[in-house]
Amino acid sequence: IAKSLLKSDVYVLNSKLNIKSAFTGGHFDWHQDYSYWADQYSKPDIISMSIFVDDIFPHSAPIMVIPRSHKRGLIKVPHRDKMSVEEKRSYPKLRRDNLPHSLPNEIIIEEANKNKIIDGVGSTGSVFIFHSNTFHASNINLSPFDRSTILIRYNSTNNT
């Protein structure tokens, strides 16, 4: 699947078990994964495959993505520790303190109004795939159900 989507040979860039335990699983602010690798790879030829270990429901804090937002390219955002007072106004404190390269409210609003927001929900074994520039986030899991996924990121061999 990764080879077909990236139209090249691929390799596993990294993988992790993403666990959001019942009642305690934290949130991830709106971001693009490629912003964390832009200094290592020449282009965002990276996709993520999230394999559901648990059934994932709307109430168990699924990943939220804005479809087609990857077409906007990498949004250059300042690192949270280097933001000016003006830049901080685009981020509520809770969001600003979550990830170093969170996306500003204005861009999220614009893309969500244009392309909507979808939740990655489904049964155990389902696969949810997204591009490394796709805007995505997830809420705190306050439900009584665990929400675990295996996240595998694939990079194009043309991007090494």
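Predicted model: local features only at pLDDT ≥ 70, side-chain atom pairs only at ≥ 80, totals over all residues.
User: Which strands form the open sheet, and in what order?

Analyst: Four strands form an open sheet, and their order is E1-E8-E3-E6. The pairing is antiparallel.

User: Which are the edge strands?

Analyst: The edge strands are strand E1 (10-20) and strand E6 (127-131), each of which pairs on one side only.

User: What is the average twist from one strand to the next?

Analyst: From one strand to the next, the twist averages 20°.

User: How many bridges does E3 have with E6, and how many with E8?

Analyst: E3 and E6 pair over five bridges, in the antiparallel sense. With E8, E3 pairs over seven bridges, again in the antiparallel sense.

User: Which residue is the bridge partner of Ser 50 in E6, and which one stands opposite Met 49 in E8?

Analyst: The bridge partner of Ser 50 in E6 is Phe 128. Met 49 stands opposite Ile 152 in E8. As background, side chains in a regular strand alternate between the two faces of the sheet.

User: Is E3 mostly covered or mostly open?

Analyst: E3 is mostly covered, since six of its seven residues are buried.

User: Changing topic: how many aromatic pairs does a search of the whole structure find?

Analyst: The search finds two aromatic pairs. In one of them, Phe 57 and Phe 145 are tilted, at 5.8 Å centre to centre with 55° between the planes.

User: Where do Phe 57 and Phe 145 lie in the chain?

Analyst: Phe 57 is in the loop between strand E3 (46-52) and strand E4 (63-65). Phe 145 is in the loop between strand E7 (136-138) and strand E8 (147-156). The two residues are 88 residues apart, and the pair links distant parts of the chain.

User: Why does Phe 57 count as partly exposed, and what about Phe 145?

Analyst: Phe 57 counts as partly exposed because its relative accessibility is 31%. Phe 145 is also partly exposed, with a relative accessible area of 40%.

User: What is the geometry of the pair formed by Phe 128 and Phe 130?

Analyst: Phe 128 and Phe 130 form a tilted pair, at 6.3 Å centre to centre and with 50° between the planes.

User: Are Phe 128 and Phe 130 buried or exposed?

Analyst: Phe 128 and Phe 130 are both buried.

User: Back to the loop between E3 and E4: what is the C-alpha separation of Ala 61 and Asn 141?

Analyst: Ala 61 has its place in that loop, between E3 and E4. The C-alpha atoms of Ala 61 and Asn 141 are separated by 4.9 Å, although the residues are 80 residues apart along the chain. Ala 61 counts as buried, because its relative accessibility is 5%.

User: Which residues form the nonpolar patch on the surface?

Analyst: The patch is formed by Ile 1, Leu 5, Val 127 and Ile 129, which together have about 370 Å² of accessible area. Ile 129 is found in strand E6, and this residue is partly exposed, with a relative accessible area of 33%.

User: On to charges: how many salt bridges does the structure hold?

Analyst: The structure holds six salt bridges. One of them joins the side chains of Arg 153 and Asp 33, at 3.4 Å from N to O. Arg 153 is in strand E8 and Asp 33 in the loop between strand E2 (28-31) and E3.

User: Are Arg 153 and Asp 33 buried or exposed?

Analyst: Both Arg 153 and Asp 33 are buried.

User: What are the closest N and O distances from Arg 72 to Glu 110 and to Glu 111?

Analyst: The closest N and O atoms of Glu 110 and Arg 72 are 3.0 Å apart. For the salt bridge of Glu 111 with Arg 72, the value is 3.0 Å. Glu 111 is in helix H4, and Arg 72 is in the loop between E4 and H2, 39 residues away.

User: Is Glu 111 buried or exposed, and what about Glu 110?

Analyst: Glu 111 counts as buried, at 2% relative accessibility. Glu 110 is partly exposed, with a relative accessible area of 43%. Arg 72 counts as partly exposed, at 33% relative accessibility.

User: Which residues are joined into one network?

Analyst: Salt bridges that share partners join Arg 72, Glu 110, Glu 111 and Lys 114 into one network.

Key:
Residues numbered from 1 in each chain as written. Heavy atoms only, no water. Phe/Tyr/Trp six-rings, centres within 6.5 Å; stacked < 30°, edge-to-face > 60°. Buried < 20%, exposed > 50% of the residue type's maximum accessible area, 1.4 Å probe, protein only. Pairing = 2+ DSSP bridges. Axes fitted to C-alpha atoms, helices over the stretch in contact; angles between N-to-C directions. Patch = residues over 30% accessible without salt bridge, like charges linked within 9 Å, V, L, I, M, F, W, Y side chains within 5 Å. Areas by Shrake-Rupley, 256 points an atom, 1.4 Å probe, with all protein chains shown as cover. Salt bridge = Lys/Arg side-chain N within 4 Å of Asp/Glu carboxyl O.
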